Amino acid sequence: MLFSTFTLEKTLLYYKGGEFVAQGPWRHRRMYHKGDYEIILCIKGPIYLQINDQRYTLKPHEVLIVPPFTTFYGYQDSQDAVDFYWLHFFSQHKEDAFNSDEDEMTAEVKAKQNKKRKIFLPMYFKLHDYEEATILIHQILSIHNELSFIEERDYLVSALLIQLYKSYFNRPDSSEDSTRISYMKEWIRANMSSTLTVAEIADRVHLNPDYLTRLFKRCTGMTTLQYLNHVKIEVATLLLVRTEMPIKQVADNSYFNDPKVFMRRFKSSMGLSPSEYRKSYNLIHLNNPHVDPQIPIPKRIADSIDYIPENGDIPE
């Protein structure tokens, strides 16, 4: 499996991004990355992409990281609708790409053998905790006002890579407890309701509720009740940024019986009211086959790194 390093001694540098939506048939045009990485998070697919001579079929909740100095394009049409986030960034270090066994990399990371401010990510992988990454990408793409001395999006892109790193390497392993917790998390998401209780979950998996909570805390860092609330707020956040639902309807669809309780818990968790959150994070660049942004490399990026080639077309 092909991995890339990402060095976080300095922030990654945000370049450009947006959400792309198209009705089929559609095929990605030919592009060349001049020093920048691109993260593609598929919402609707499949999307057929080729990087140099390697082909990928990107399905919902899968991530593709396109490395710099590579040609990439669609190798066949997507017949159905496609929807994906795209985000370009630069590293302030020259990163390494290398092949490694997935299990060996996971064991190394979990053994904490990496002492440097460097993370590793595969170039193509399934994102299990896609909700958190989706929300974070949406936040990055919603920021338009820049302060003179700081670029908030650089720090959020670095946080996004850390989130992807944690999600990938914290995927369930084969231990009995992890397998059981993974099953319970999937069952909770599939059976979530406003009346779902810890006792009901414990009964489902034939465990004592107190033992279940201790197990959940050990494996996830959250109690069972905290995880239930976390899932509800996650659903609410996605509905706020990806739909125009009224707040009361968002509360109902996030499994809250009382809109006032929903608004109180949401603000406690996110630091903003649902309306404030929606207003802050719902203005992102949307593009389609007829609108394709061409954004020059900003001076703040060009001044920070020294390996961007001269502006020009795809190399011959």
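Let's start with a pair of helices: helix 2 (residues 130-142) packs against helix 10 (residues 274-281), with an angle of about 60 degrees between them and their axes 8 Å apart. That angle makes helix 2 oblique to helix 10. Keep in mind that you're looking at a predicted model.

Who does the touching? On the helix 2 side, the contact is made by Ile135, His138, Gln139 and Ser142, while helix 10 brings in Tyr277, Ser280 and Tyr281. Sorted by class, that contact has 3 nonpolar residues, 4 polar ones and no charged ones.

Now for the sheet. Strands of a sheet pair through backbone hydrogen bonds, and they can do so parallel or antiparallel. Here we have an open sheet of 3 strands in the order 10-1-11, and the pairing is antiparallel. Strand 10 and strand 11 stand at the edges with a single partner strand each, so one side of each has no neighbour in the sheet. From one strand to the next, the twist averages 30 degrees.

Here are the strands and their residues:

| Strand | Residues |
|---|---|
| Strand 1 | residues 2-7 |
| Strand 10 | residues 97-99 |
| Strand 11 | residues 118-122 |

How many bridges join strand 1 to strand 11? There are 5, and the two strands run antiparallel. If you'd like a spot to look at, Phe6 stands opposite Ile119 in strand 11.

The sheet has a helix on it, too: helix 3 (residues 152-169) packs there, touching strand 1 and strand 11. The direction of helix 3 makes about 65 degrees with that of strand 11.

Key. Residues are numbered from 1 along each chain as its sequence is written. This is a predicted model: local features need pLDDT of at least 70, side-chain atom pairs count only at pLDDT 80 or more; totals for chains, interfaces and linings use all residues. Side-chain values use heavy atoms; hydrogens and water are left out. Axes are lines fitted to C-alpha atoms, for helices over the stretch in contact, and angles run from 0 to 180 degrees between N-to-C directions. Helices (H or I, at least four residues) and strands (E, at least two) are DSSP runs, numbered from the N terminus. Angles under 35 degrees count as roughly parallel, over 145 as roughly antiparallel, 65 to 115 as roughly perpendicular and the rest as oblique. Contact means heavy atoms within 4.5 Å. Ala, Val, Leu, Ile, Met, Phe, Trp, Tyr, Cys and Pro count as nonpolar, Asp, Glu, Lys and Arg as charged, and the others, Gly among them, as polar. Two strands pair if DSSP finds at least two bridges between them.
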